[in-house]
Amino acid sequence: MFGWEFPPHIAGGLGTACYGMTKGLAHNGVEVLFVMPSASGDEDQSSVRIINASDVAVYDLRLDVDEFLGKVQFLRVGSNIHPYIDPENFTELVETERQYQKEEFRMYFRQKYKFSGKYGANLMEEVSRYAMVAGAIAADGGFDVIHAHDWLTYMAGIAAKRVSGKPLVIHVHATEFDRGSNVNPEVYRLEKMGMDEADKVITVSNLTRNIVVNKYGIDPAKVVTVHNAVDFSGRSAVDAVRNVPEKVITFLGRITFQKGPEYFIEAAAKVLKMCPEGVRFVMAGSGDMMNRCIRQVARRGISDKFHFTGFLKGDDVQKMFALSDVYVMPSVSEPFGISPLEAMKSDVPAIISKQSGVAEVLKYAIKVDFWDIDALADAMYALLQYPALSKVAIEKGRQEVDSLKWDNAAAKVKAVYESAVSGK
Amino acid sequence: MGKNVCLYFQVHQPDRLRQFRFFDIGNETHYFDDFANRTIMRRIADRCYLRANNILLELIRRNGGAFKVAFSISGTAMEQFALYAPEVIDSFRALAATGCVEFLAETCSHSLASLFSEKEFKKQVKEHSAMVHKLFGVKPVTFRNTELIYSDAIGETVASMGFSAMLTEGAKHILGWKSPNFIYTNAINPRLKLLLRNFSLSDDIAFRFSDKGWASWPLTADIYAGWLEDALRSDDVVNLFMDYETFGEHQKAESGIFDFLTALPAEAMARGIRFRTPGEVVRECQPVAPLHVGFPISWSDEERDTSAWLGNELQSEAFSKACALEKDVARAKDAKLTSVYRKLQESDHFYYMSTKFFSDGSVHSYFNPYDTPYEAFINYMNVLSDFEIRVKEKIKENNGK
């Protein structure tokens, strides 16, 4: 399996999804060799910690741990691949860290993989380099199916397929159309190439499936939707004492165009106009639109009731949910969107946009169009003012989330593997 | 009349805020980064205040009272001296005892109160005057507003409080062809005399002194005294107003700034130049004209206006939210909350939110503990939100009694 991140060092939902999926696959009797690029030395250490130190914290049963560790092997590849960065930003990022990384690279990787010792200054080069490594790994054999997550790893998947002749399944968590208004043709080309070469394509929602079929021209017969699930085992409860007397409405995620933060702010301004006391808004996370959002909040004159936390790590995410009364995900385009499930698991009712994949599996979340700030404000207001509504949303929401198990999702993934192997 | 030079040094240190996260709102009550405030105060006391004070004391003694200076020490600086560097207060007292030093009045918390509330402004000025009187035994008669902010209306308020003179910037867009080297008066109340900063000659010391790319580097007291003489050929007074931290902090000791300071009085006096305090200048020199200043000016940045503190939407938002609390704080009737409210009004908090990185950015970033104006804004608003909760709780408590 080719991925790019794994908990706890994650930038988005993909790492969490890969984690749940590999665990679910292990329960379904599938052995996984997980290959991931590592961006820095610091990430290396954190992942070593996943395996060594987190046994008790992450898993309920020791038996479970051994079974899991027996089936999932980690293999790390030195690479600069970093999720959620487009080629332009990437160049900038690389320039600043180049010197440091160059040395690091020499230390860890040159001897082993015999690369030139020079780090590519653009993302595409990195993708290719990752593919080369993938080919080398695939040559060792010992597997039946190749599974690649998102475009950065598609080339690696293709390389592995060509070297080994084994079937390729690619997993579409997001497409270039979800990442912003400008579609990068190079990324699109890679994505299409991956989908064309794949024996099976898994999409995380029907929304994404439609994009894959319509915008990439992929044969619908080989595209299968497997909705993500959530795994809350091993999550310890956090103590969070409510810090403000007001109710708290939270946006939690990357502050980027795709996530629709400005609709949240506009709706917040409307709600605050209706009830200036008794409610606060929090935008947790960071992203390229953060500064713009801060200015927008200042312009609306609501900054004494609207707070920014910056990027939240580890327990702070849990803490944030524990302090929230309403969770809002107004995404403009969201292939799936796992965080509303986390919110509902923490007994926080969620408002989600109809343009998110997760809307396909949730019945008890309030759904609005992302652009409809009146409807959004209305929903926020209702959840604040009518306890009966929030009570139902909380109770039913928790039951709903509990029924979304990775074991079930992984069973579907396994079925896709089987059909890929049998060539049907 | 005669050739006069008026030296005034501003002494101020802000109460920097600690990192205050959303999770701290409602849970934490301490807002200030005591460690940073203490460390910086100790450093500047050693590098600048104590050293420069010794030099000034020596100069006054050597010249038998012919050398004079003025200070304005913000209330926050006085409080920090008392907490972290009490010997600095002693050394200022020694200067005060010579009778050659004038202490000016300002707002106690170096605030922008003059821009939003006359009532709050007057309270803060009175508080500051009382502090000065308590520490140095003198009652200030000359006023200097935060960052030399001035307008006709502010001048009128200051005059109504009984001050006879006020300091401000000799801003080009206000003066036009006129020279800053004369005494002017407030346009509404001519009793209030205005001393205008000669920014060119002041900044030669404050900003350019150690700049090796500057055509006049290295600047000696001899050359500089010559410039003063030229400026005073037909004018009355050159006002050299600058931050006291110029000596030893902005301009490092290695640049020779202390030697320059030591040598300057003798060089100037040799050319017939007299040193006068602002109070003396307005008594001795006749005002030449009223000065019209419709919109507030200051000594900051190229624009010489209030845009360094209130130039962007973040700053206006934070400032207006802070100002909006005035009445509630008064109703809470709590000494501690009032004192914190004053500290939250320090102009520095708003300065950190400035987005003027390009023209005067180097100065801005020197003074700034935050990486970006956005961080400064978020942190300030979090603190202010918590403060608002405390104030409301207190009011509720008062009403319950």
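**Chain B, domain to domain**

I started with the spacing inside chain B of this predicted model: the C-alpha centres of its domain 1 and domain 2 lie 24 Å apart. The bounds I used are 3-291 for domain 1 of chain B and 307-400 for domain 2 of chain B, and such bounds come from an automatic or database domain assignment.

Before going on, I noted the ground rules: local features need pLDDT of at least 70, side-chain atom pairs count only at pLDDT 80 or more, totals for chains, interfaces and linings use all residues, and side-chain values use heavy atoms, with hydrogens and water left out. Residues are numbered from 1 along each chain as its sequence is written, and chains are lettered from A and ligands numbered from 1 in the order in which they are written.

Next I looked up who touches whom. In chain B, 42 residues of domain 1 are in contact with 30 residues of domain 2 (contact means heavy atoms within 4.5 Å). The two domains of chain B bury about 2800 Å² between them, with 59% of it on carbon and sulfur atoms; buried area is the accessible area (1.4 Å probe) that two parts lose on being put together, summed over both.

How many salt bridges are there between domain 1 of chain B and domain 2 of chain B? I got three, counting a side-chain nitrogen of Lys or Arg within 4 Å of a carboxyl oxygen of Asp or Glu. I also jotted down a salt bridge in chain B from Arg342(B) to Glu127(B), at 2.4 Å, N to O.

Polar contacts across this chain B interface come to 17 residue pairs, both residues at pLDDT 80 or more. The rule is a pair of N or O atoms within 3.5 Å; within protein, one must be able to donate a hydrogen and the other to accept it, and residues adjacent in sequence count only if both atoms are side-chain atoms.

The most comes from α4(B), with five residues. Helices (H or I, at least four residues) and strands (E, at least two) are DSSP runs, numbered from the N terminus. By class, this side of domain 1 of chain B has 14 nonpolar, 13 polar and 15 charged residues. Here Ala, Val, Leu, Ile, Met, Phe, Trp, Tyr, Cys and Pro count as nonpolar, Asp, Glu, Lys and Arg as charged, and the others, Gly among them, as polar.

**Chain A, domain to domain**

For chain A the assignment gives domain 1 (13-229 + 406-422) and domain 2 (247-402). Their contact takes 15 residues from domain 1 of chain A and 13 from domain 2 of chain A. They bury about 1100 Å², and carbon and sulfur atoms give 63% of that. I found zero salt bridges between these chain A domains and six residue pairs in polar contact. The touching side of domain 1 of chain A has six nonpolar, eight polar and one charged.

**Chain A against chain B**

Last, I checked the two chains: 27 residues of chain A are in contact with 20 residues of chain B, and about 2100 Å² is buried, 59% of it from carbon and sulfur atoms. I counted four salt bridges between the chains. Lys321(B) forms a salt bridge with Asp304(A), closest N and O atoms 3.5 Å apart.

Which element supplies the largest share of the side of chain A that touches chain B? That is α11(A), with seven residues.
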